[in-house]
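Here's a quick tour of a few spots worth a look. Have the sequence and the 3D view handy as you read.

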Amino acid sequence: MMSIFMKHRFLLASLLVLVMSTTDARKIRSSGLTSRHQHHHLHHIKSNALSPDLYKLRGGEVDIDSTTTAAAATHYQRTISTLHSTSFLIVLSTSIVAFTPLPSITRHLAASLSSSSTSSPQEQAVKILSLISAASAAVELFLSPLLGTLLDRFGRKRPSVLLHSLITLTNLGVVMYPSVHTICISRIINVLCSGFLIITTQSIIGDLFSGNQKDNNNGHGKDQMGAVLGRQAALISSGFLFGSLLGGRLTEYGERIAYSVAAIFSALAALNAAFRMTDTLDLTSSSSSSLPTTSVAAAADESKALDWTSLKKALLEAPLSSIQLLFHYGSHMRTLALLLLLQSAPMYMGDVFQVFAKEEWGLKPADFGKIVALFGVLGIVSNTTLSLIVKQMGLRTFSLFAIVSSLFFPMTAIFTNNYRNVLIAGSIGLYSGAQKVGTTTAITSLANERGIPQGQLQGEKASMLALLKIGCPVIYSALYLKGKEWSMSMNDAEGNKLALQMIMGKFGKKMPFVLNCILGVIAFIVTWQNM
């Protein structure tokens, strides 16, 4: 069975994309959802029609509202299907080369380092990639708010096409000139652009649900947005899973093959965004409503003009932007932002989990790869299930259920030393991968209600999460090392031991999982009281 799955994994992935797009199409025909761009466009049609309420067609009368609603549904369907397919392609591309840099850089360094070097090529490669990860997180912290400002000024489409194109060009650079430098540059661009594309896609989804949650979806706007975000997350998980499996095989034939295939998929994503995506942000809506028709084009050009002063100000204020959601938009937004931080922190354990699995469970790389693959499959299942049942279950109820599911894995890791039991617990808690969708939906909806531009919101949110990327690996690493030290000292102690000493001797090395359980319990309480 597994061999059949491996042989036809890309066929299965294509079918999954088709099923997701078809599900969108069926649901949209009855929803009538529109974006701000569509609202402005439809208002413009109505105000300039010869008859204010009805079009005359072959002696009959056609209601404008029914005509424009059908057009809006078609636009929404195309936007969502393009967004889903583009996201799947680019995640597939970046995942193919996600694990290629370490063996490739190690091989290049082995050919260039002298025999007198104090560290091995692999140790040097790990140091280089660790520096790249830390530097990328710091750059993301500063540039995410700036990107949000650019998205609100220039729209969503052009930055999206540019980011996809940059990934393609750097992948081609490795194909043409394979070296440590080009591989490192490609790694940096892949990491940064992937993060920036998340800002772009979530801004697009926020646009589509702007100001119409109750009017156009019978009060279920948040549930519908959660369903869309669930399908988006499922496709991202499937792209990561299939890309990682394919990348592992291609890397055996050299980095040129792996980066060539990655460049093909990223180029397809760029072309898909360039020719099928329509911008969801109306750049003239804020200014054209009070201007005559002849001045609309001039207002649009003026709005697109690059204001270097505001951009420099946004760059200087970037570190403060990372805490804007916590202090600038009121208590409800602060609570939701803290909840998102609680749910996101366990994702940034860094290499601690891999080190723990190797030292405490004795796992080989192949066995650890099974755990990574399991998480990928669970992400697909949980987010796909969310998109199907969220309307019946409700976003709050599903979020609580997902948080409880997320506790199975760390609790089992605390009380057992058998990694197979941990895998079983992770499978039972299969909905853990969708726990953040409810919080993300609530933040986006609250921003729409308060008129916060989506680009600005998503940029500030990404900058806030970048703080976790920098701080969490340090915290989890310190907890593991200190807990290991406590465990060894308590076990070596002679004579009668206090209860605390016995607990630390048994569970000291598992402190990172204890922290994850504490965070999960707090997240459950906050969700129960505030969503």
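## Cysteines

Start with Cys 184: its relative accessibility is 14%, so it counts as buried, the cut-off being under 20%. Keep in mind that this is a predicted model. Cys 517 is tucked away as well, buried with a relative accessible area of 13%.

How many disulfides does the count come to? It comes to zero, going by the rule that a pair of cysteine sulfur atoms must lie within 2.5 Å.

## Helix H7

Helix H7 covers residues 157–176, which makes 20 residues. At 1.5 Å a residue it should span 28 Å, and its end C-alpha atoms sit 29 Å apart, so the two agree.

Which residues of H7 are buried? The list is Pro 159, Ser 160, Leu 163, His 164, Ile 167, Thr 168, Thr 170, Asn 171, Val 174 and Val 175. As a rule, an α-helix has 3.6 residues a turn, so residues three or four places apart point the same way.

Then there's the leucine story. Leu 162, Leu 166, Leu 169 and Leu 172 make a nonpolar surface patch of about 360 Å². Of these, Leu 172 belongs to helix H7 and is partly exposed, at 35% relative accessible area.

## Ser 399 in H19

Further along, Ser 399 sits in helix H19, which runs over residues 395–406. Is Ser 399 buried or exposed? With a relative accessibility of 2%, Ser 399 counts as buried.

Note on methods:
Residues numbered from 1 in each chain as written. Predicted model: local features only at pLDDT ≥ 70, side-chain atom pairs only at ≥ 80, totals over all residues. Heavy atoms only, no water. Helix = DSSP H or I, 4+ residues; strand = E, 2+ residues; numbered from the N terminus. Expected span 1.5 Å × (residues − 1). Buried < 20%, exposed > 50% of the residue type's maximum accessible area, 1.4 Å probe, protein only. Patch = residues over 30% accessible without salt bridge, like charges linked within 9 Å, V, L, I, M, F, W, Y side chains within 5 Å. Areas by Shrake-Rupley, 256 points an atom, 1.4 Å probe, with all protein chains shown as cover. Salt bridge = Lys/Arg side-chain N within 4 Å of Asp/Glu carboxyl O.
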